[in-house]
Amino acid sequence: MPSCEMCGKQDKLFRTLVEGAEMTLCKDCSRFGKTLAAPRIVIKKEVLKTKQETKYEPIEVIVLNYGQLIKEKREKMGLNQEEFSAKMNEKESLIHKIEAGKHEPTIELARKLENFLNIKLIETSEEESVMPAKRSGPVTIGDVISIKTRKSR
Ligand SMILES: [Zn+2]
């Protein structure tokens with residue numbers, strides 16, 4: 001615990017200007033100078049700010065029906081899977097799996113597909129919408145870990 005630079009008392013301390021020098025003093029000693037600020041309050045504010053920024057950080061996720069959307073638009077454009085995968089410079093087997101909904105494309109690939117097909121595959125969502133929606137019941141520690149893992153991608 002920090003102590004007063006003048007009397008050594010361990011107490012709530014204040015940054016105090018004493019004859020032009022800045023000192024960290026207890027409440028009693030700070031009366032001898034000009035109090036600038038209480039250091040602890042400054043630290044608390046910084047912590048709060050960081051927490052808030054993390055909470056509202058948006059994350060990008062692939063829409064649930066990506067396979068259907070891609071397939072429908074590709075067929076509208078008159079391309080078969082082989083022609084389409086060649087244009088995308090991707091393996092036909094990968095496109096097949098994506099359209100079947102068996103393989104979620106990466107954000108990079110989804111962007112490429114979005115641009116080519118002129119459809120929307122990526123949505124930006126905040127922390128809340130990543131919660132598992134299919135089941136009910138309380139959130140377990142396992143759920144929290146998976147949310148954190150997904151967020152950090
Ligand atoms: Zn003191």
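Tutor: Let's take the labels in turn, starting with where the values come from.

Tutor: This is a predicted model, in which local features need pLDDT of at least 70 and side-chain atom pairs count only at pLDDT 80 or more, while totals for chains, interfaces and linings use all residues. Residues are numbered from 1 along each chain as its sequence is written, and side-chain values use heavy atoms, with hydrogens and water left out.

Student: How do you know which residues are the protein donors of the zinc ion?

Tutor: By distance: a donor is an N, O or S atom within 2.8 Å of the metal (3.2 Å for Na, K and Ca), and water is not among the atoms, so sites may look incomplete. The SG atoms of Cys4, Cys7, Cys26 and Cys29 lie 2.2 to 2.4 Å from the zinc ion, so they count as donors. Along the sequence, the spacing reads C-x2-C-x18-C-x2-C.

Student: What makes the arrangement around the zinc ion tetrahedral?

Tutor: Four donors are called tetrahedral if all angles lie between 85 and 135 degrees. Here the four donor atoms subtend angles of 105 to 113 degrees, so the arrangement is tetrahedral.

Student: What does the pair Cys7 and Cys29 tie together?

Tutor: Cys7 is in the segment before strand 1 (13–18) and Cys29 is in helix 1 (residues 27–30), so the pair links parts that are 22 residues apart in sequence. Helices (H or I, at least four residues) and strands (E, at least two) are DSSP runs, numbered from the N terminus. By that count the protein chain has seven helices and five strands, in the order β-β-α-β-α-β-α-α-α-α-β-α from the N terminus on.

Student: Why is Cys29 called buried?

Tutor: Buried means under 20% relative accessible area, exposed means over 50%, and partly exposed is in between (1.4 Å probe, protein chains only). Cys29 has 7%, so it is buried. Cys7 has 45%, so that residue is partly exposed. Over the protein chain of 153 residues, 27% count as buried.

Student: Is Val18 buried or exposed?

Tutor: Val18, in strand 1, has a relative accessible area of 14%, so it is buried. Not counting residues up to four places away in sequence, Val18 touches Met6, Met23, Leu25 and Gly33; contact means heavy atoms within 4.5 Å.

Student: What about Glu22: why partly exposed?

Tutor: Glu22, in strand 2, has 45% relative accessibility, so it counts as partly exposed. Leaving aside neighbours within four places in sequence, Glu22 is in contact with Arg15, Thr16, Leu17 and Leu36.

Student: Which residues meet between helix 4 and helix 5?

Tutor: Gln81, Glu82, Phe84 and Ser85 in helix 4 meet Glu92, Ile95, His96 and Glu99 in helix 5. Ser85 has 4% relative accessibility, so it counts as buried.

Student: How is helix 4 oriented to helix 6?

Tutor: The axes of helix 4 and helix 6 (residues 107–117) come within 11 Å and cross at roughly 115 degrees. That makes helix 4 roughly perpendicular to helix 6. Phe84, Lys87 and Met88 in helix 4 meet Lys112, Leu113, Phe116 and Leu117 in helix 6.

How values were computed
Four donors count as tetrahedral if all angles lie between 85 and 135 degrees; four count as square planar and six as octahedral if opposite donors are over 155 degrees apart and all others between 65 and 115; anything else is irregular. Axes are lines fitted to C-alpha atoms, for helices over the stretch in contact, and angles run from 0 to 180 degrees between N-to-C directions. Angles under 35 degrees count as roughly parallel, over 145 as roughly antiparallel, 65 to 115 as roughly perpendicular and the rest as oblique.
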